[in-house]
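Q: I'd like to zoom in on just one part of this protein. Could you walk me through it slowly?

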Amino acid sequence: MPATNRLTAFAHVTEQQVEDLAFLWLLWDRAAHQPDQTAATRAKLERRMNAHLNGLAVSPDIAWARALETEETCDAGELFVLAMLALERGDPASLARVVALSQAQPHARRGLVSALGWQNSARVYPLLKPWIASDNPYERYLAVAACSVRRLDPQAYLQRLLRDPANREQPDLYARLLRLVGELKRTDLVAELRPAMAEEGEPAFWAHWSALMLGESRACAGLAPFVLDPEATQRRAIDLAFRASPANQAWDWINQLVNSGQDGAVVRALGALGDPRGVNWLLTRMEEPELAKQAAEAFTLITGVDLEAAQLTQLSPPAAPEPDVMAVTDYEHRPYPAPEKALRYWGGIRHRFTPGQRYLMGVPVADAPLQAIWRDGLQPQRRAAAIEWALSSPQAPYPNLNAPVGTGGGL
């Protein structure tokens, strides 16, 4: 049988691989933030994805045709597949089609940005200079986003783009530029952050975020609106602010969050702060089905206790759940803590912890084994290690928790 006929005969296999790869990317992307995932479990997904990519390379035209069938209603996973195939083809028209598609469907854009971080450097790097110097703001955005996910320094271009008034009129692009300053630890660009600090929305958030990453402790107070407002940036604000702010400021924010009924945000804040004075409050929240698992995660971040290994878990919720509590969430695969057992356990170890001292995984933050946590920890623990490492010095890199594990990026 001629080679062409053999490929056609097995076209259904290629079509299935296209669908499976899009689904695997969604699992892999979600796994970056799931509390039961580790670098090892994400790497396993990456190996499966790479196997599918190798399979698609056998019949690239069939794969491309099948992937194009999703372009009208594609999600981020399907756009990831299209982008990977377009970059592999090396065809400017195919790539332009994917870029236009991502611009028209912002909800799927993450798939293209992910592909720019995943694909081979030889296929991505030649695009970056034309894009970053482009008259098209969206192409500039893609160049900056690619630099972000790959932690690639655009050098003089970054300052030039930050100073260009045209870029300040593009909120998505300007926010990504400000974010990149902190991700790359560009201490030489601190002054470029200050104009954005007086603005509102994401540019103001990322200006303060990057300033803190660069060691500008005065920027911490500027994160207050983002810490206290349950909007899209609140989680990121909490993760950084409670690790960088003075203790009195942190506890003032916690009191405000408690008073506004944002108990979920309080749980996250206490885990980030790492002060054992918050443990009793967390133990109380373990009695509430909607907060029990999150409180257990924060308890572990502070104490380092593996609740399953210490037999501090139970199969069912600590109380009868509301109808929507059992819905699928990031914590669906985590066990419920057993509040009474956790309380007794804490009573036996609390003498090891000094009130007012910050802890990560049971160790004072200054002495925490950040590299080991990054290598072996669950994703919330790895996130904490990455932020603590970045805050330890203005020069310390900030690794990308969302990047493919196979690309490196360790502490």
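How many of the 13 residues of α14 are buried, and what does that say about how the helix sits in the rest of the structure?

A: Before we start, keep in mind that this is a predicted model, where local features need pLDDT of at least 70, side-chain atom pairs count only at pLDDT 80 or more, and totals for chains, interfaces and linings use all residues. Residues are numbered from 1 along each chain as its sequence is written, and side-chain values use heavy atoms, with hydrogens and water left out.

Now to your question: 11 of the 13 residues of α14 are buried, so the helix is largely enclosed by the rest of the structure. "Buried" means under 20% relative accessible area, "exposed" means over 50%, and "partly exposed" is in between, using a 1.4 Å probe and protein chains only.

Who is tucked away? The buried residues are Pro203, Ala204, Phe205, Trp206, Ala207, His208, Trp209, Ser210, Ala211, Leu212 and Met213. They pack against α12, α13, α15 (224–228), α16 (234–244) and α23 (379–391), where a contact means heavy atoms within 4.5 Å.

You can check the length of the helix too. α14 covers residues 201–213, and at 1.5 Å a residue it should span 18 Å; its end C-alpha atoms are 19 Å apart, which agrees. The expected span is 1.5 Å times one less than the number of residues. Just after α14, Gly215 takes a positive phi of about 90°.

Next, look at the rings. Rings of Phe, Tyr and Trp (its six-membered ring) pair if their centres lie within 6.5 Å; planes under 30 degrees apart are stacked, over 60 edge-to-face and the rest tilted. By this rule the count comes to 12 aromatic pairs. One of them is Phe205 with Trp206, an edge-to-face pair with 4.8 Å centre to centre and 75° between the planes. Phe205 has a relative accessible area of 0%, so it counts as buried, and Trp206 is buried as well, at 4%.

Another pair is Trp209 with Tyr398: their ring centres are 5.7 Å apart and their planes are at 65°, so this one is edge-to-face. It links distant parts of the chain, since Trp209 is in helix α14 while Tyr398 is in the segment after α23, 189 residues apart. Trp209 is buried at 4% relative accessibility, and Tyr398 is buried at 15%.

Lys185 is in the loop between α12 (171–183) and α13 (190–197). Its phi is positive, about 55°, although Lys185 is not a glycine. That's worth a second look, because most residues other than glycine have a negative phi. Lys185 also counts as buried, with 8% relative accessibility.

Technical notes:
Helix = DSSP H or I, 4+ residues; strand = E, 2+ residues; numbered from the N terminus.
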